Structures are given as structure tokens and as C-alpha cells.
Amino acid sequence: MLAVMGAMDEEVRLLRERMEIAEEAVHAGVNVAKGRYGDAEIVLVKCGIGKVNASICTQMLIDLYAPDRLIFSGVAGGLLPNMTVGDLIIASHLIQFDVDLTAFGRRHGESPDRDRMIQSDPQLMDLAAQAYDAAFSDDAAARPNLMIGTIVSGDRFVKDSDTLRWLQREFAALATEMEGAAVGYTCDLSGLPLVVVRGLSDTAGEDAPDDFTANLAKVWDTSFRLLDELIPRAGA
Ligand code: SAH
């Protein structure tokens with residue numbers, strides 16, 4: 001079974017409308033919808049914002065639903081100067097940027113006995129890239145840019161140019177958000193293959209809060225087109 005997660009209502013709403021729900025349950029404070037999405041058997045959840053919510057929800061899904069793959073999707077702030085709202089990012093790697101044991105000579109994001117980089121599953125990354133090709137092949141005008149690289153996560157909405165420059169330089173990151181690396185860390189502990197796909201709602205600078213609010217619905221429509229192709233492929 002395939003697990004599909006988002007952090008906010010907006011991020012799961014279109015998927016929920018499209019899926020056939022067979023049963024619903026509440027565990028660890030979140031609603032879990034189980035059913036079919038096309039031919040794929042899936043569980044869909046909105047985990048809430050931030051790394052704690054994301055980890056709890058991921059572990060709950062692993063323990064109670066034993067998924068064999070997990071897709072996390074949502075919006076993020078872009079970190080490169082030429083990025084635009086609506087660009088899509090497939091995470092190859094994920095790092096928790098706010099884990100700070102530099103006092104002990106470690107790198108930002110590094111914790112004892114664990115690499116700071118968490119990897120997305122290569123096969124799921126391939127499927128996500130194929131889904132992008134399929135979703136926008138007939139519609140060049142609506143086709144967003146696609147980038148593959150590192151996404152960083154922390155319990156902070158980034159909205160200033162000093163922080164975004166630091167994230168870009170310290171982690172060679174393409175985008176920042178608040179859940180992906182926590183989901184990745186939790187999946188890693190149980191050997192569950194995952195991929196994180198994000199659409200840019202903002203570019204993490206001073207305008208980020210306004211951009212985020214203004215763009216959420218539009219960006220999610222774009223991400224949905226990719227997910228609508230990815231879920232059947234990943235859940236086959
Ligand atoms: N609307 C919420 C806050 C949203 S937080 C409220 O009412 O309080 C932003 C969400 O979008 C998080 O789930 C995060 O993963 C993602 N996100 C988008 N842009 C971001 C940015 N610039 N920095 C951090 N997270 C961002």
C-alpha cells in the first residue's frame with residue numbers, strides 16, 4: 001500500500017476529492033482516509049505543520065498501515081535567485097537544517113551516528129520525474145520548471161534573505177519547508193522508501209508570507225497534476 005501525506009488541508013483536498021474512500025479513522029489526532037486512487041490502494045493523511053507532527057504521523061502510518069512506499073507533497077519556499085512560484089522540486093536529499101550540534105564540532109543538520117543527508121528512494125524519484133513528463137507533455141504553456149536536489153526542513157517559516165542565503169550555501173539546498181526531512185528521517189529508521197515533491201509557493205524572502213497566501217491554491221493545482229500521475233505509478 002502507498003501512503004500519501006501533506007501538511008495542510010489545501011495540500012490533500014484535491015487528492016481526497018479524487019479518491020474513493022473505503023474507511024476513515026482517527027489515530028494520533030489525524031484523520032486517515034484509506035481507499036483507492038485509480039488502481040492504487042492508498043492511505044491519505046494531512047499531518048499538520050512542522051517536524052513533530054510530520055514524524056508522529058509517519059510513524060503512526062508505519063505502525064498501523066504498514067505502507068511499502070510513501071509520497072509527501074506540499075508547498076515550499078525556493079532558495080535560488082532565478083526560481084519562480086509554481087516551480088516543482090523533487091527532493092533527492094533532505095536535511096533538518098535546525099538540528100544544531102555545532103557546539104560539539106558537528107555540521108549543521110548532523111546528529112550523532114547519523115548522516116545529515118537523508119535520501120529519497122531513487123525509483124520513486126524516477127517515477128516522479130516520469131509523472132512530471134506525463135502531466136505536462138501536452139501543455140507547454142502550463143509546464144512549470146522541474147528541479148531535482150536537496151530540500152531542507154526546519155520548524156520555521158523562512159522569510160528573510162540572510163537565512164535563505166545561509167540555507168543555500170550551507171546545505172546546497174533548492175528549497176525550504178517544515179516537514180520533509182522529519183518524514184524522511186522517520187521513514188529511514190524503518191527502511192520505508194519515500195519521495196518528497198514540492199511546489200514553490202514563495203521564494204523565502206521578505207515577501208514570502210504574502211506570496212504564500214496568494215499562491216497556495218494555484219501552486220497546489222500544479223502539484224496535483226503531477227501527483228495525479230505519480231500516485232497510480234507508485235501504487236501499482
Ligand atoms: N498558514 C499557516 C502557516 C503555514 S506554514 C498558519 O496559518 O499559521 C508554511 C507551510 O508551507 C509549511 O507546511 C511548510 O512546509 C511550507 N512552506 C512554504 N513556504 C515556506 C517557507 N518559506 N519556509 C518554511 N516553510 C514553508
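Me: Is Ala40 buried or exposed?

Reply: This is a predicted model, so every answer here is computed from its atoms. Burial is judged by relative accessible area, and under 20% means buried. Ala40 has a relative accessible area of 1%, so Ala40 is buried.

Me: Where does Ala40 sit, and how far is Ala40 from Asp98?

Reply: Ala40 belongs to strand 4, which covers residues 40-46. Ala40 and Asp98 are 58 residues apart along the chain. Their C-alpha atoms are separated by 36 Å.

Me: What about Cys57: which element holds it, and is Cys57 buried or exposed?

Reply: Look in helix 2, residues 51-65, for Cys57. Apply the cut-off again: under 20% is buried. The relative accessible area of Cys57 is 2%, so Cys57 is buried. Now take a pair of residues. Cys57 and Ala141 are 84 residues apart along the chain, and 37 Å separates their C-alpha atoms.

Me: How far apart in space are Asp121 and Ala91?

Reply: Asp121 and Ala91 are 30 residues apart in sequence, and their C-alpha atoms are 9.6 Å apart. Asp121 itself is in the loop between strand 7 (118-119) and helix 3 (122-136). With a relative accessible area of 19%, Asp121 counts as buried, because the cut-off is under 20%.

Me: Which side chain does the side chain of Ser92 contact?

Reply: A polar contact pairs N or O atoms within 3.5 Å. The side chain of Ser92 makes one with the side chain of His93, at 3.0 Å. Ser92 is part of strand 6, residues 88-96. Its relative accessible area is 13%, so Ser92 is buried.

Me: Where are Ala28 and Ala172 found?

Reply: Ala28 lies in the loop between strand 2 (20-27) and strand 3 (30-37). Ala172 lies in the loop between helix 4 (161-171) and strand 9.

Me: Are Ala28 and Ala172 buried or exposed?

Reply: Exposed means over 50%. Ala28 reaches 58% relative accessibility, so Ala28 is exposed. Ala172 has 53%, so Ala172 is exposed.

Me: Now the ligand. Where does the ligand sit, and which residues come nearest?

Reply: Start with the site. The ligand sits in the largest pocket. There are 18 residues around the ligand, and Phe157, Val158, Met178, Glu179 and Asp202 come nearest.

Me: What classes of residue make up the shell, and which strands supply at least two residues each?

Reply: The shell around the ligand has 10 nonpolar, three polar and five charged residues. Strand 5 (69-78), strand 9 (173-177) and strand 10 (194-202) each supply at least two residues of that shell.

Me: How much of the ligand's accessible area does the protein cover?

Reply: On its own, the ligand has 570 Å² of accessible area, and the protein covers 75% of that.

Notes. Residues are numbered from 1 along each chain as its sequence is written. This is a predicted model: local features need pLDDT of at least 70, side-chain atom pairs count only at pLDDT 80 or more; totals for chains, interfaces and linings use all residues. Side-chain values use heavy atoms; hydrogens and water are left out. A residue is near a molecule or strand if one of its heavy atoms lies within 4 Å of it. Accessible areas come from the Shrake-Rupley method with a 1.4 Å probe; for residues, only the protein chains shown count as cover. On a 1 Å grid over the protein atoms alone, a cavity is a set of points where a 1.4 Å probe fits but cannot get out, and a pocket is an open set with protein on both sides within 12 Å along at least five of seven lines; lining residues have an atom within 4 Å of a point. A molecule sits in a cavity or pocket if more than half of its atoms lie within 2 Å of its grid points. Helices (H or I, at least four residues) and strands (E, at least two) are DSSP runs, numbered from the N terminus. Ala, Val, Leu, Ile, Met, Phe, Trp, Tyr, Cys and Pro count as nonpolar, Asp, Glu, Lys and Arg as charged, and the others, Gly among them, as polar. Buried means under 20% relative accessible area, exposed over 50%, partly exposed in between (1.4 Å probe, protein chains only). A polar contact is a pair of N or O atoms within 3.5 Å; within protein, one must be able to donate a hydrogen and the other to accept it, and residues adjacent in sequence count only if both atoms are side-chain atoms.
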